Amino acid sequence: MRFRIAGESGLVVELGAGISVRTNTRVRALGLALEQAGIPGLAEVVPTYRSLAIYYDPMVLDVDELKARVIELTGRLEDIPLPPPRTVELPTVYGGVYGPDLSFVAEHTRLTEAEVIRLHSRPLYHVYALGFTGGFAYLGGLPARLATPRRDSPRLRVPEGSVGIGGQQTGAHPMETPGGWRIIGRTCAPLFDITKEPPTPVEPGDKIRFVPISEAEYLARGGTPGEPF
Amino acid sequence: MSGALEALRPGLCSTVQDLGRPGFQRYGVPASGPMDEWGFRVANALVGNAPGNAVLEVTAIGPVLRVRGDAVLAVAGAEFALDLDGQPVPPFAAFRARDGQVLTFGECRSGVRAYLSAAGGMDVPLVMRSRATCLSGRYGGLEGRPLRAGDVLPIHGRDPAVADRPFEARFLPRRLWPRRGSPLEVRVVMGPQDDLFTPEGVATFLGSEYRVTHDADRMGYRLDGPRIAHRKGADIVSDATAPGTVQVPGDGRPIVLMGDRQTTGGYTKIAAVIRPDIPALAQARPGEWVCFRALSLAEAHAALAAFLAGLRDVEAAVTAPPARSTLHVALDGQRRAVEVEEIAGGFLVDVGGREFEVLFATPAEVGAGPAKVQSPVPGVVAQVHVAPGAAVVPGARLVTLLAMKLQHDVTAGVAGRVAAVHVAPGSEVQAGEALLEIEPA
């Protein structure tokens, strides 16, 4: 475990060197434990891949005291009862006008489109962090077989809900943004809703599974009809 | 007291901001909020608002607004020339505006961002508990976007105690107006990845002057200057970004992350600007210079305590009754006692029962004379729409500028003919620099 300083109001706790589900799980646990402890002056915790950022009010909470609490909690993380991670299913329509790059991915990986869909929708993906834009989940667990390079230049508009592969990563666009990933499908599940608290269906430490559905089912569930983009 | 502000001209980038939405960063939601926390707090204090009420953050080129319903307004932060129906209004002071009056933001004399507050606060819906605008996410504030011409921004006297209070002519004493040196010295705390830079890299960062580029906006300020050397590359496993984080990508040039920054980042972070120094940086213009000084964590905490105490002092100074002092002066060779009281924009001097209003002179306005069309901001010319000899009418588009990553059209104020064009696409211009000349019809 290593402490790092992020400005006068930020303490970063690094719980590992590389990316692993085990380390990320401990990051999640430490964040939850700190929140449960109800420490005055603790403003916010932000879990990422292997570190927890703790934003605090230095006028209320002494940083050495905060470090001592972190050390104490880290020593007994396994003993602290915490809510189990959630698994969220994202019903996804693959290919066609919703996944214009599915054929490219199939060609690149020397698989059939059906095999790409099967391989992509099989794993239980781990949510390492949310960032880049509200609700964008950094996922771990894309089968190496499916790795496909990003586009040379990004599309100016990738529709909300688009599911894609970029290098060794996979994920879904919570809102329309430019993007350079290979888009293979679209989910009708809302990934970011500013009217809800929390605004996202998943938090770091949760799991996601992509569930293939037909276009008819996608539309019946309220998915936006697809147009070429 | 309810009312609204109707945007006749929206300004370069005018967004509704309150203290922002901390607490949602784990969902990838930026904190947003005012770029200059100090100016924001002063603006609210001047109109008797709670410290976190929603205001309009105005950037470089301000709006022209018609007031609907009576309002009590104030502007604090960057120093803009202001007028209400053509009558000058001093900055850092509360003023009354009547239904139908037009408030015009003129030249920005120093700084970049000012805060227009209204008693009661701007009334836009809460999104994730805040009225702040997240431009990158397109939510919050006024529909997640900057003000457009034709927008009607409601002001709500939500707190009847504020709305029904008689008007108080609050102002910020001139001795408390911000003063900024050049280069701007910005204090930082080193880390979280300062160990991923070579000692020479750290020395370069702390020993050099960096120029604010035109790539400076609410997400971050790109700086140009001596390259900062990494030990082994600029990529890290993405982690969280604190306010004021100085990240250094592979090209070695620092970027200071500001209010609308992404919540996580994958580039090495050498240091973070301390909260008390972010307001001054947010007022630094493209072309100005900054340098960095490292503080220990204890020193940074002391600086934060001083900053917060300073804010309380300023809020108290705004609400305190003005002090009257007696000065003994020689007037026409005679020793006299005169009473002096500071007021908004100047002093009230009482000489033996006769009162004189002594007002601070305002420098000559940019744009003197209709013939010379000057750039209102530092920027880069994107397009020139006219050539010498072209006939123009008021409102005709002359030049499109790119300022702080935003487009702004400079339009003709008079009818006439273009006499000379001094710029071309790609020209870098200062505020006040001549773009072209029009011979009025």
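Two residues are in contact if their C-beta atoms, placed from the backbone, lie within 7 Å. I use that rule throughout these entries.

**Entry: ground rules**

I am reading a predicted model, in which local features need pLDDT of at least 70, side-chain atom pairs count only at pLDDT 80 or more, and totals for chains, interfaces and linings use all residues. Residues are numbered from 1 along each chain as its sequence is written, and chains are lettered from A and ligands numbered from 1 in the order in which they are written.

**Entry: helix 1 of chain B**

I looked up helix 1 of chain B, residues 37–46. Helices here are DSSP runs of H or I with at least four residues, strands are runs of E with at least two, and both are numbered from the N terminus. How many of the 10 residues of this helix are buried? The count is 10 of 10, so I noted the helix as mostly covered. A residue is buried if 20 or more other C-beta atoms lie within 10 Å of its own, exposed if 12 or fewer, and partly exposed in between. Among the buried residues are B:W38, B:F40, B:R41 and B:N44.

I then asked what the buried residues of helix 1 of chain B pack against. The partners in chain B are strand 2 (15–17), strand 3 (55–59), strand 5 (71–84), strand 8 (102–118), helix 4 (278–282) and helix 5 (297–319). After helix 1 of chain B comes B:G48, with a positive phi near 75 degrees.

**Entry: helix 1 against helix 5, chain B**

I checked the axes of these two helices, which come within 9 Å and cross at roughly 25 degrees. Helix 1 of chain B is therefore roughly parallel to helix 5 of chain B. Axes are lines fitted to C-alpha atoms, for helices over the stretch in contact, and angles run from 0 to 180 degrees between N-to-C directions. Angles under 35 degrees count as roughly parallel, over 145 as roughly antiparallel, 65 to 115 as roughly perpendicular and the rest as oblique.

I listed the residues that meet. Helix 1 of chain B gives B:W38, B:R41, B:V42, B:A45 and B:L46, and helix 5 of chain B gives B:L311, B:V314, B:E315, B:V318 and B:T319. By class, this contact has seven nonpolar, one polar and two charged residues. Ala, Val, Leu, Ile, Met, Phe, Trp, Tyr, Cys and Pro count as nonpolar, Asp, Glu, Lys and Arg as charged, and the others, Gly among them, as polar. An α-helix has 3.6 residues a turn, so residues three or four places apart point the same way.

I found a cis peptide bond from B:S182 to B:P183, with omega near 0 degrees. B:P183 sits in the loop between helix 2 (160–163) and strand 10 (184–190) of chain B. The bond from B:G191 to B:P192 is also cis, with omega near 5 degrees. B:P192 sits in the loop between strand 10 and helix 3 (199–207) of chain B.

B:S32 is not a glycine, yet its phi is positive, about 55 degrees. Its place is the loop between strand 2 and helix 1 of chain B. Is B:S32 buried or exposed? B:S32 counts as buried because it has 31 C-beta neighbours inside 10 Å.

B:F92, not a glycine either, has a positive phi of about 55 degrees. I located B:F92 in the loop between strand 6 (87–89) and strand 7 (95–97) of chain B. B:F92 counts as buried because it has 25 C-beta neighbours inside 10 Å.

**Entry: where chains A and B touch**

I counted 36 residues from chain A and 35 residues from chain B in the contact. On the side of chain A, strand 3 of chain A gives the largest share, five residues. By class, that side has 21 nonpolar, 10 polar and five charged residues.

**Entry: chain A**

An automatic or database assignment sets the domain bounds. Chain A is divided into domain 1 (2–79) and domain 2 (87–220), whose C-alpha centres lie 30 Å apart. Their contact takes eight residues from domain 1 and six residues from domain 2 of chain A. On the domain 1 side, helix 1 (residues 21–37) of chain A gives the largest share, four residues.

Last, I looked up A:L66, which lies in helix 2 (residues 63–75) of chain A. A:L66 is buried because 20 other C-beta atoms lie within 10 Å. Leaving aside neighbours within four places in sequence, A:L66 is in contact with A:L11, A:I54, A:Y56 and A:L61.
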